[in-house]
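Biologist: I have not seen this structure before. Please take me through some of its helices and loops, one question at a time.

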Amino acid sequence: MPAVSLRDILQPAFEARYGVGAFNIVNDLTMAAVLDAAAETRSPVIIQVSVKTVKMWGAKLLQRMFVEMASHRPVPATLHLDHCPDIEMIKICLDAGWNSALFDASSLSYQENLRLCQEVVAFAKKHGAGVEGELEAVRGIEDDVGSDAEGELAPVERCVEFIEATGIDCFAPAIGTAHGLYKTEPKINFERVEAIVARCPTPIVLHGGTGLSNETFKKLIAAGCAKVNISTMLKITFADSLKTYLEAKPKEYDPMKLQKAVHADLVKMAKGFMETFGSAGRA
């Protein structure tokens, strides 16, 4: 089916308290696998792309690839630019037809973040596109973006003020999760999600999904996390599947068989998350 807006994906999920997986794809194979997993589970899905990946493939090529692939799968899907501190890159993607972007100005002051986010939202609205916003840096480095330290937490009242003043479609607060693999058991601030949602009913974004328990996922989704980011596990599955196949068949030189095997492993991984998040059967 045709691509839909980020708001059309997240608002039903937020209201019904299920999560929609936002998977950071890296090429055509990973994009197709995530979309196939969504079609098989009848799940809405967010195809998410890092700035690093956009620079490798190009915004227009990725958008055209997404539109072609999504049009052949009967589920709602949207194309989202992840963690982008560069307004010009966001404009390039939205001009190319992307559906939404995360404007990451968490390294700036509150007032500067607010001002620039308002600018991004105004630009996005002209394209019928959505915006994800954040105030604090989520701990961990992913695709060359981020920091090993979590940003200083803003008061809940300031988070609500930011959401309302910018008009963003979803908000990504720091809640103890981290990008990459967890070295120790994360201490999740469930109460912070609940407090923000209670004061301002808006879809919350869960960054750092890889490595969290099913119980943690379900508790955060019930609290209002409608967008759940999965990046590291996709990359691990992709790389491990390639290695496993090549180690098992060192004299096999058929790229199509290799891609088929990797595709199957990626579909299985994505389907597992979709079922855990409760999005299966929601499309």
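Biologist: Where is T216 found?

Modeller: This is a predicted model, and what follows is computed from it. A helix that runs over residues 214–223 takes in T216. That helix is α9.

Biologist: Is T216 buried or exposed?

Modeller: Leaving out residues up to four places away in sequence, T216 touches I188 and F190. The relative accessibility of T216 is 13%. Buried means under 20%, so T216 counts as buried.

Biologist: Which helices and strands cover the buried residues of α11?

Modeller: Helix α11 spans residues 255–277. Its buried residues include L258, V262, L266, M269 and F273. The cover over the buried residues of α11 includes β1 (20–24), α2 (28–41), β2 (45–49), α9, β10 (225–230) and α10 (232–248).

Biologist: What length is expected for α11 at 1.5 Å a residue?

Modeller: α11 has 23 residues. From its first C-alpha to its last, α11 reaches 33 Å, which is close to the expected value. The expected value is 33 Å.

Biologist: At what angle do the axes of α10 and α11 cross?

Modeller: Two packed helices are described by the angle between their axes and the distance between the axes. For α10 and α11, the axes come within 9 Å. α10 passes α11 in a right-handed crossing. The angle between the axes of α10 and α11 is roughly 145 degrees.

Biologist: How many residues of the contact of α10 with α11 are nonpolar?

Modeller: On the α10 side, the residues that meet α11 include M233, L234, F238 and L242. On the α11 side, they include L258, V262, L266 and F273. By class, the contact of α10 with α11 has two polar residues, two charged residues and, as nonpolar, 12.

Biologist: What is the angle between α5 and α6?

Modeller: α5 covers residues 87–95 and α6 covers residues 110–126. Their axes are 11 Å apart, and the two helices pack at an angle of about 15 degrees. Angles under 35 degrees count as roughly parallel, which makes α5 roughly parallel to α6. The angle asked for is about 15 degrees.

Biologist: How many charged residues are in the contact of α5 with α6?

Modeller: I87, I90, K91, L94 and D95 of α5 meet L116, E119, V120, F123 and A124 of α6. Sorted by class, the contact of α5 with α6 has seven nonpolar residues and no polar ones. The number of charged residues is three.

Biologist: Which residue just after α6 takes a positive phi?

Modeller: α6 has 17 residues and reaches 25 Å from its first C-alpha to its last, close to the 24 Å expected at 1.5 Å a residue. Just after α6, a phi of about 65 degrees is found. The residue is G128.

Biologist: Which residues does A13 contact, leaving aside its neighbours within four places in sequence?

Modeller: A13 lies in helix α1 (residues 6–16). With a relative accessible area of 1%, A13 is buried. The C-alpha atoms of A13 and G224 are separated by 8.8 Å, although the two residues are 211 residues apart along the chain. The contacts of A13 are Y18, V20 and A226.

Biologist: Where is R17 placed?

Modeller: Phi of R17 is near 60 degrees, a positive value in a residue other than glycine. R17 is partly exposed, with a relative accessible area of 32%. The place of R17 is the loop between α1 and β1.

Biologist: What is the phi of R42?

Modeller: R42 lies in the loop between α2 and β2. At 47% relative accessibility, R42 counts as partly exposed. Its phi is a positive value in a residue other than glycine, near 55 degrees.

Biologist: How far apart in space are P76 and A38, C-alpha to C-alpha?

Modeller: P76 lies in the loop between α4 (59–70) and β3 (77–84). At 18% relative accessibility, P76 counts as buried. Its contacts, leaving aside neighbours within four places in sequence, include M1, V4, I9 and A283. P76 and A38 are 38 residues apart in sequence, and their C-alpha separation is 8.8 Å.

How values were computed. Residues numbered from 1 in each chain as written. Predicted model: local features only at pLDDT ≥ 70, side-chain atom pairs only at ≥ 80, totals over all residues. Heavy atoms only, no water. Axes fitted to C-alpha atoms, helices over the stretch in contact; angles between N-to-C directions. Helix = DSSP H or I, 4+ residues; strand = E, 2+ residues; numbered from the N terminus. Parallel < 35°, antiparallel > 145°, perpendicular 65-115°, else oblique. Contact = heavy atoms within 4.5 Å. Nonpolar A, V, L, I, M, F, W, Y, C, P; charged D, E, K, R; others polar. Expected span 1.5 Å × (residues − 1). Buried < 20%, exposed > 50% of the residue type's maximum accessible area, 1.4 Å probe, protein only. Left-handed = near helix turned anticlockwise from the far one by under 90°.
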